[in-house]
Amino acid sequence: MVETMTVVGMVISGTPISEYDKRLVILTKELGKITAFARGARKPTSPYLGGSQPMAFGEFTLYRGRNAYTVTGMKISDYFSNTMKDIDSMYLGMYFLELADYYGREGIEARDTLELLYFAMKTLSKNIIHNRLARCIYELKTLVINGEYPNVFNCGVCGREDLLDYFDPHQNTILCKQCHGNMKGQMILEPSTVYALQYIISSPMNKLFSFTVKDSVLQQMEKLIGTYIKKVVDKKFNSLEFI
């Protein structure tokens, strides 16, 4: 008898193979990013038809083969691709999946990444906050989970924790008003921007997508996070071409 296991995960991608099957990439809490084959998933009557679509979240029952897993059952609780209210949210959700795929590794549990992905998809499907802010939160928290986020808590020169108002993209650190001197440029930060960045880095997943910021703060967050992520992520994401 084949031994099976049940994992919690979200489908990152589904690729047609042969006449009726699909090759799925699933981000799981227990096993990290895995490849699994869903036999007959392309048939109109298949019980795997909906659950083999990207953004499907739930429980997947699998057995392990030599090089990949095979799906033997699904219990899907959320079909996020069906609840997105506009095309922009859909493309942003696809970008979130691509970023999760970039960092995902098999055999390394992905509890935090999956939890972040779940709350991000729920935010997009319910239009809880502006998509631009949701993207900033998701990108920065992804960097935090993977241990390569910028320092925004204390001055990179003197160590003080107040009067922080300048980000040095070369040193990946924030500086205080005294230490950056008369530096000029577009990385001067408002106090609300510094607070928002600190909040994202330190807050639990279920509290992340629960605030809003004014447009000037959002623009500063986008610039800082965008500049940083381009330095550490060496991949071009297809979904960004449509956002």
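A: In strand S7, the bridge partner of aspartate 168 is threonine 173. The model is predicted, with local features needing pLDDT of at least 70, side-chain atom pairs counted only at pLDDT 80 or more, and totals for chains, interfaces and linings using all residues. Residues are numbered from 1 along each chain as its sequence is written, and side-chain values use heavy atoms, without hydrogens and water.

Strands are DSSP runs of E with at least two residues, helices are runs of H or I with at least four, and both are numbered from the N terminus. Strand S6 covers residues 164-168 and runs antiparallel to S7, with 4 bridges joining the two; pairing requires that DSSP finds at least two bridges. Between S6 and S7, which form a hairpin, there are 4 residues. In this turn, asparagine 172 has a positive phi of about 55°.

Strand S7 spans residues 173-176. In a regular strand the side chains alternate between the two faces of the sheet. Here Thr173 and Leu175 lie on one side and Ile174 and Cys176 on the other, and all are buried (under 20% relative accessible area, with exposed over 50% and partly exposed in between; 1.4 Å probe, protein chains only).

As for the whole chain, 47% of its 243 residues count as buried. It has 6 helices and 7 strands, in the order β-β-β-β-β-α-α-α-α-β-β-α-α from the N terminus on. Its C-alpha atoms fill a box of roughly 70 × 35 × 30 Å along the principal axes.
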